[in-house]
Amino acid sequence: MDNQITKPEILIQRIALLALAILLVIPLGIFGVQMVQASDPYVKTVLSLTGNPEQGNAIFQINCAGCHGWQADGRVGPSLQAVSKRKSRYKLIHQVISGETPPMPKFQPSTQEMADLLSFLETL
């Protein structure tokens, strides 16, 4: 009996097909996650607004500076310098409102306040 699975040509073809399938699934998964994230009404509204960095700085000083430092250079919480280069706008919004990374509290600013805060964070 000739077992086709053990033939090197068949094995290489199956590995190549599996690699191709994985390479196709990853971008589709990422695209799907982005579509779900973008469909959140709060996020959609925040991203549609123009933020005021001065207002965002005031919001930051009141709510965030105690842990992240007056200059956002870190204290209890991490430095937020250049954070907008490391995290997407959606991830920044999620980080602020989710409360998923203790000791950071869950914080639900209005959509305009969140747009202002994002605008400020992008200046760091």
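Which side chain of opposite charge is nearest to Asp 116, a residue that is buried yet has no salt bridge? The nearest such side chain is that of Arg 89, and it is 9.1 Å away. Here a salt bridge is a side-chain nitrogen of Lys or Arg within 4 Å of a carboxyl oxygen of Asp or Glu, and for charge Lys and Arg count as positive and Asp and Glu as negative, while His and the chain ends are not counted. Buried means under 20% relative accessible area, exposed means over 50%, and partly exposed lies in between, with a 1.4 Å probe and protein chains only.

The structure is a predicted model, in which local features need pLDDT of at least 70 and side-chain atom pairs count only at pLDDT 80 or more, whereas totals for chains, interfaces and linings use all residues. Residues are numbered from 1 along each chain as its sequence is written, and side-chain values use heavy atoms, with hydrogens and water left out.

The chain holds 7 helices and 0 strands, where helices (H or I, at least four residues) and strands (E, at least two) are DSSP runs numbered from the N terminus. Of the 124 residues in the chain, 24% are buried. The chain exposes about 8500 Å², and carbon and sulfur atoms supply 65% of this area; accessible areas come from the Shrake-Rupley method with a 1.4 Å probe, and for residues only the protein chains shown count as cover.

Asp 116 is placed in helix α7, which spans residues 111-121. Because 8 of the 11 residues of α7 are buried, this helix is largely enclosed by the rest of the structure. Among the elements that cover its buried residues are α2 (41-48), α3 (53-63), α5 (83-86) and α6 (89-98), contact being defined as heavy atoms within 4.5 Å. When residues up to four places away in sequence are not counted, Asp 116 touches Thr 50, Gly 51, Asn 52, Pro 53, Gln 55, Gly 56 and Ile 59. The side chain of Asp 116 also reaches the backbone nitrogen of Asn 52 at 2.7 Å, and a polar contact of 2.8 Å joins the side chains of Asp 116 and Gln 112. A polar contact is a pair of N or O atoms within 3.5 Å; within protein, one must be able to donate a hydrogen and the other to accept it, and residues adjacent in sequence count only if both atoms are side-chain atoms.

Side chains of opposite charge can pair when their charged atoms come close. A search of the whole structure finds 1 salt bridge, in which the side chains of Arg 89 and Glu 122 meet at 2.7 Å, N to O. This pair links distant parts of the chain, with Arg 89 in helix α6 and Glu 122 in the segment after α7, 33 residues apart. Arg 89 is partly exposed, with a relative accessible area of 31%, and Glu 122 counts as partly exposed at 35%.

Two alanines in the loop between α4 and α5 were also examined. Ala 72, in the loop between α4 (65-68) and α5, has a positive phi of about 60 degrees although it is not a glycine, and Ala 72 is buried, with a relative accessible area of 0%. Ala 82 likewise lies in the loop between α4 and α5 and has a positive phi near 60 degrees, but Ala 82 counts as partly exposed at 27% relative accessibility.
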